[in-house]
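The exercises below ask you to work from the coordinates, one step at a time.

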Amino acid sequence: MKVNGKSYLSVWRENQCVKIVDQTQLPHQFQISKLSTLLEIAEAISQMQVRGAPLIGVTAAYGLAISMSQKPTRKNLFASINLLSNTRPTAVNLKWALTRMKTKLESVKNSELEEIAWQEADQIAKEDIGQNINIGKHGLKIIKDIAQKKERVQILTHCNAGWLATVDYGTALAPIYLAHEAGINLHVWVDETRPRNQGHLTAWELTNHGVPATLIADNAGGHLMQMDKVDLVLVGADRVSARGDVCNKIGTYLKALSAKDNQVPFYAAVPTPTIDWTITNPAKQIPIEER
């Protein structure tokens, strides 16, 4: 995504180090930080310099690769996994990424640990971008359908599920970015999102990319729906149960209730390989691909 006209990822590799957008400085200052040790990676995750479940998982994978570059032993592998696994409780991506790295590396010779660790971390980052693009393509169909009936599509979102929470594009915001790039006339209502105000990050990234957006108080969403100023609600998902119930940032439930009462389509963007299906509370998933 773009900042001041230049494209960025939220995390990227430079030789045996990684660089991140320091999200503790946003939205007031755009700062790139270089991380070159395992402890720096762990601190970046725990202090929310990187945040958002997908981004945390990718960053942890890179942290493990850095650690294998500096001390490629099986003992250090398990110690590093233990350290990183306790940095944050957010969603499941942290544990998932570390488990995947462990499975890939635990039977590898010490002499190959560094190379394979970097390869796997790069692959996890690449897959994250691919998932988000696929989410965007499915969500774009929904927005296009609304655009055929509306001169301007008004979308409401909650928390931050954009490129700052992933490697690129985001989950819930991916359809919005693709719609903007397709020339669809749209506007985004951005909930401020208590208590950590991640909505400020959403507003920052949308406006930097050129997407029209307005930051609103959390409680204004229902009023906007009642006034027929919201055509679609798009949110992320921190958890999805086996039967399809979506758990997301505090405040999402109230948006779902308002959307149901005002007959506004409500979708949760979930990076899982499932087809589109109706779930409770009255959201739907935006799948990454149809099977």
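**Exercise 1.** In which loop is the place of arginine 51, and which side chains make polar contacts with the side chain of arginine 51?

*Solution.* The model is a predicted one, in which local features need pLDDT of at least 70 and side-chain atom pairs count only at pLDDT 80 or more, while totals for chains, interfaces and linings use all residues. Residues are numbered from 1 along each chain as its sequence is written, and side-chain values use heavy atoms, with hydrogens and water left out.

Step 1: arginine 51 sits in the loop between α1 (38-46) and α2 (53-70), where helices are DSSP runs of H or I with at least four residues and strands are runs of E with at least two, numbered from the N terminus.

Step 2: arginine 51 is buried without having a salt bridge, and glutamate 205, the nearest side chain of opposite charge, is 6.3 Å away. Here buried means under 20% relative accessible area, exposed over 50% and partly exposed in between, with a 1.4 Å probe and protein chains only; a salt bridge needs a side-chain nitrogen of Lys or Arg within 4 Å of a carboxyl oxygen of Asp or Glu.

Step 3: the side chain of arginine 51 makes polar contacts with the side chains of glutamine 23, at 2.7 Å, and asparagine 160, at 3.0 Å. A polar contact is a pair of N or O atoms within 3.5 Å; within protein, one must be able to donate a hydrogen and the other to accept it, and residues adjacent in sequence count only if both atoms are side-chain atoms.

**Exercise 2.** How are the rings of phenylalanine 30 and tryptophan 204 arranged, and which parts does the pair tie together?

*Solution.* Step 1: the structure holds four aromatic pairs, counted for rings of Phe, Tyr and Trp (its six-membered ring) with centres within 6.5 Å, where planes under 30 degrees apart are stacked, over 60 edge-to-face and the rest tilted.

Step 1: the ring centres of phenylalanine 30 and tryptophan 204 are 5.7 Å apart and the planes stand at 25 degrees, so the pair is stacked.

Step 2: because phenylalanine 30 lies in the loop between β4 (17-21) and β5 (32-35) and tryptophan 204 in helix α7 (residues 198-208), the pair ties together parts that are 174 residues apart in sequence.

**Exercise 3.** How many of the eleven residues of α7 are buried?

*Solution.* Eight of the eleven are buried, so α7 is largely enclosed by the rest of the structure; among them are Trp204 and Glu205.

How values were computed: Lys, Arg positive; Asp, Glu negative; His and termini not counted.
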